[in-house]
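Dear colleague,

I am handing over the structure below, together with my notes on what was found in it. Please read the notes with the model open beside them.

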Amino acid sequence: MNVTFTEEELAFRREVRTFFETEFPQDILQKQNRAIPLTRDDMVRWHKVAYERGWGAPNWPKEYGGTGWSPVQKYIFADEQARANAPGYLSFGVSMVGPIIYTFGNEEQKQRFLPDILKLDTWWCQGYSEPGAGSDLASLKMRADRHGDHYLVNGTKTWTTLGQYADWIFCLARTNSDVARRQEGISFILIDMNQPGVSVTPIILLDGEHEVNEVHFEDVKVPLENLVGEEGKGWTYGKVLLQHERTGIAGVAVSKFQLSRLRALSERSIRGAAPLTGNSTFMRKIAAAEVELKALEYTELRTLASVASGKAPGPESSILKIAGTELRQQIDALYLEASGYYALPYVREQYSVDFADDERVGEGLDTNSSMVYFNDRKVSIFGGSNEIQKNIIAKHVLGL
Ligand SMILES: Cc1cc2nc3c(=O)[nH]c(=O)nc-3n(C[C@H](O)[C@H](O)[C@H](O)COP(=O)(O)OP(=O)(O)OC[C@H]3O[C@@H](n4cnc5c(N)ncnc54)[C@H](O)[C@@H]3O)c2cc1C
């Protein structure tokens with residue numbers, strides 16, 4: 001594997017870096033630095049800046065309005081995005097349903113949905129999990145029964161991230177119960193959230209934020225034309241999507257940024273206290289995380305090299321997911337340790353009041369570290385829990 005970047009790739013990195021330095025909205029950066037959750041408007045505004053630059057969908061082919069970037073260019077972009085502390089794109093449209101539509105959808109669906117995803121004029125959310133169907137997704141019960149020219153949809157989806165903002169939801173729903181295997185009879189259906197029978201109720205997470213929801217469907221009429229691909233083939237489409245999702249969840253670029261910030265922080269003297277560099281036990285932990293991260297980065301680059309040669313990400317996406325998310329939680333814990341008692345208070349308003357004028361805000365040494373720590377408990381669960389990824393590795397890599 002060759003990990004030396006070409007002259008063109010280095011020039012591309014400079015171009016991307018300049019873009020983030022000059023175009024990324026500063027007020028959103030301030031929020032990012034303080035780990036203040038972004039609003040719908042922040043996300044849309046930032047996405048449109050990238051869209052205007054022609055970078056609305058880094059992972060899409062050019063024919064659908066994407067960048068047509070090589071895997072290495074995508075890697076460089078993600079690296080620079082994290083370095084600039086810019087948020088990732090809303091994944092549900094650009095990374096999830098978009099590719100499913102342009103790969104398996106019909107011409108009419110491509111024309112109808114892709115342009116709005118590209119501009120983030122439509123906010124999508126993901127309706128896979130249900131109460132009672134998470135790891136064992138094939139046991140999902142949401143029904144979409146044919147009635148003339150439409151489906152009648154009934155059931156509940158859960159853990160629906162940012163569903164409170166969504167215009168549309170893509171769902172795995174059961175269109176046929178009379179099947180030999182539970183994975184059959186599941187279809188991939190697009191549902192307009194703004195219609196009678198759809199209701200959204202919040203779930204508040206450990207960090208106190210409203211990030212996920214339950215979405216209820218009661219006799220919701222969905223035109224048959226909103227079925228993607230073949231009826232009963234939803235499981236196959238859904239699996240393709242999950243492999244891509246897991247590769248992204250590894251979050252190597254974000255961990256790199258966080259770790260470099262932590263190292264910079266450890267070298268500073270804060271309010272006269274000795275810098276953490278004098279604490280060899282703590283510094284050993286940072287060094288161990290850096291070594292882990294380097295190994296993970298090379299594994300990701302190897303996966304990229306294989307994707308560049310035309311292969312789809314296989315079970316290695318599970319390895320990346322486990323290693324990447326464990327490392328991210330390890331780094332979060334180091335931030336907590338570095339923050340000491342500043343990490344303790346958990347009062348929402350304090351994030352912007354108590355430490356607002358303190359030079360440490362934005363450097364990680366403040367109460368944000370506890371918020372990030374609690375929020376990131378999710379990363380080893382969503383996209384398929386890490387235990388499930390171990391089962392996949394056991395079966396498909398080790399052949400057990
Ligand atoms: C913050 C957050 C956001 C999410 N966003 C979305 C979203 O937008 N859309 C969506 O569809 N879903 C979303 N999810 C759901 C996520 O995919 C599921 O939580 C996940 O698949 C686990 O399912 P579960 O919560 O039902 O846990 P369960 O499946 O009940 O698992 C409970 C525990 O048992 C373990 N376990 C289960 N089965 C096995 C097994 N066979 N072998 C070993 N261990 C096992 C699991 O690892 C876990 O530790 C989100 C979840 C979270 C936490």
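Helices (H or I, at least four residues) and strands (E, at least two) are DSSP runs, numbered from the N terminus. Under that convention Asp-219 lies in strand β7 (residues 210–223), and this residue has a positive phi of about 50° although it is not a glycine.

Before going further, please note that this is a predicted model, in which local features need pLDDT of at least 70, side-chain atom pairs count only at pLDDT 80 or more, and totals for chains, interfaces and linings use all residues. Residues are numbered from 1 along each chain as its sequence is written, and side-chain values use heavy atoms, with hydrogens and water left out.

Aromatic residues

A pair of aromatic rings is described by the distance of the centres and the angle of the planes. Rings of Phe, Tyr and Trp (its six-membered ring) are taken as a pair if their centres lie within 6.5 Å, and planes under 30 degrees apart count as stacked, over 60 as edge-to-face and the rest as tilted. By this rule the count comes to 24 aromatic pairs. One of them is the tilted pair of Phe-19 and Trp-46, with 6.2 Å from centre to centre and 35° between the planes. This pair links distant parts of the chain, since Phe-19 belongs to helix α1 (residues 7–23) and Trp-46 to helix α3 (residues 40–52), 27 residues apart. Phe-19 counts as buried at 3% relative accessibility, where buried means under 20% relative accessible area, exposed over 50%, and partly exposed in between (1.4 Å probe, protein chains only). Trp-46 is likewise buried, with a relative accessible area of 2%.

The rings of Trp-55 and Trp-69 have their centres 5.3 Å apart and their planes at 65°, so this pair is edge-to-face. Both Trp-55 and Trp-69 lie in the loop between α3 and α4 (71–83), so the pair ties together parts that are 14 residues apart in sequence. Trp-55 and Trp-69 are both buried. One aromatic cluster is formed by Phe-12, Phe-19, Phe-20, Phe-24, Trp-46, Trp-55, Trp-69, Phe-77 and Tyr-89.

The ligand and its shell

An N or O atom in the side chain of Ser-385 is 2.6 Å from an oxygen atom of the ligand, and a polar side-chain atom of Glu-387 lies 2.7 Å from a ligand oxygen atom. A polar side-chain atom of Asn-391 lies 3.1 Å from a nitrogen atom of the ligand. Taken alone the ligand exposes 970 Å², and the protein buries 66% of that, with accessible areas from the Shrake-Rupley method with a 1.4 Å probe and, for residues, only the protein chains shown counting as cover.

Further residues

Gln-389 is found in helix α12 and counts as buried at 0% relative accessibility. A polar atom of its side chain lies 3.1 Å from the backbone oxygen of Gly-384. Gln-389 and Ile-319 are 70 residues apart in sequence and 7.3 Å apart in space, C-alpha to C-alpha.

Ile-322 lies in helix α10 (residues 316–339) and is buried at 9% relative accessibility. Ile-322 and Ser-385 are 63 residues apart in sequence, with 8.6 Å between them in space, C-alpha to C-alpha.

Thr-175, in the loop between β4 (168–174) and β5 (186–192), is buried, with a relative accessible area of 17%. The side chains of Thr-175 and Ser-187 are joined by a polar contact of 2.6 Å, a polar contact being a pair of N or O atoms within 3.5 Å, where within protein one must be able to donate a hydrogen and the other to accept it, and residues adjacent in sequence count only if both atoms are side-chain atoms.

With kind regards
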